[in-house]
Amino acid sequence: KAIEDRSNLAQNEKLKRSISQLKTSATQKKNWARSAEREKENNSHADKGFITAKAARVMKRSTTMQKRIESQIKDKEGLLTNIETITPLSINFQTSHHQDILNVEKLTLAYPGYDSLFKPISFNLKQGQQVVLKGDNGSGKSSLIRAILKQDDIKIKGNISLASNLKISYLQQLEDNNTDNLKQFAEHHHLEYNELLNILHKLGVERNTFTNRICDLSAGQKKKVFLAKSLLEPANLYLWDEPLNYLDTFNQDQIIELIKTYRPTMLIIEHDSRFIDEIDAEVVELQKP
């Protein structure tokens, strides 16, 4: 698709140059006719019959040529390819005065009555860095994020150290039971409603769904609502759990471009190798004991 788009863009540029030249030529033909008409009106001493006949000939020629050129312009404009472009997203990332945002040392997790979820891991997340957690299903990736947020009753062995006074935005996997409509959702999360709709529109959500309850939306539309929420929240650190799930390639490219442009501090759970390579993230692998 990228190769095809580049080819179409190059062809479009050639067509636009040709169309521009044709439009210039059409304008010249109009000016010739007007010039001949002015000569007839302003030259009181000249042979009016001769000038009138000359003006008529120039007018006829220029009109014929102009119609032919306009037909060529119409044909060439019909050949222009409609190329889908990525609408850029923005994020309310706020830098912290800390350089070390998150430090994990010799960490493993275990739920009461169960063995450790993964072998001990250590990593450091610095300001403006992106770290991706990889591992098999059930290896404890989501549990690690919830442990950072202190949401789970889970046994922690090792150390999790967060910089002080951080504003954290958490993009979790789908909520299926949210009965809010978008206006209520914005109010509950202290978001500007029109800004939420604007981001959803950029993500390709149809306007006719804006009044629906979130639980009645498709999986992809729900994902975009929670993604839009995270983008709008002021944050020093973003914890994103599988952000690409349910999104098409167009939206995935939007997220990649967003991260490459703003470089927000992020800990991301993701399997997609293209995404990881594109954002040049450090990878931390969780391995079962």
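In the predicted model, the elements that cover the buried residues of helix α7 include β3 (130–135), α5 (193–202), α6 (219–232), β6 (237–241), β7 (266–269) and α8 (273–279). The residues of α7 that are buried are Asn251, Gln252, Gln254, Ile255, Ile256, Leu258 and Ile259. An α-helix has 3.6 residues a turn, so residues three or four places apart point the same way.

The structure holds three aromatic pairs. One of them is formed by phenylalanine 185 and phenylalanine 226, whose rings are arranged edge-to-face, at 5.7 Å centre to centre and with 75° between the planes. Phenylalanine 185 belongs to helix α4 (residues 182–188) and phenylalanine 226 to helix α6; the pair therefore ties together parts that are 41 residues apart in sequence. Both phenylalanine 185 and phenylalanine 226 are buried.

A further edge-to-face pair consists of tyrosine 238 and tryptophan 240, with 6.2 Å centre to centre and 75° between the planes. Tyrosine 238 has a relative accessible area of 0% and is therefore buried. Tryptophan 240 is likewise buried, its relative accessible area being 0%. Ring pairs also bring in Phe93, which is linked with Tyr238 and Trp240 into a cluster.

Helix α6, which contributes to the cover of α7 and contains phenylalanine 226, also includes glutamine 221. The relative accessibility of glutamine 221 is 16%; because buried residues are those under 20%, glutamine 221 counts as buried. When its neighbours within four places in sequence are left aside, glutamine 221 is in contact with Glu206 and Thr209.

Notes: Residues are numbered from 1 along each chain as its sequence is written. This is a predicted model: local features need pLDDT of at least 70, side-chain atom pairs count only at pLDDT 80 or more; totals for chains, interfaces and linings use all residues. Side-chain values use heavy atoms; hydrogens and water are left out. Buried means under 20% relative accessible area, exposed over 50%, partly exposed in between (1.4 Å probe, protein chains only). Helices (H or I, at least four residues) and strands (E, at least two) are DSSP runs, numbered from the N terminus. Contact means heavy atoms within 4.5 Å. Rings of Phe, Tyr and Trp (its six-membered ring) pair if their centres lie within 6.5 Å; planes under 30 degrees apart count as stacked, over 60 as edge-to-face and the rest as tilted.
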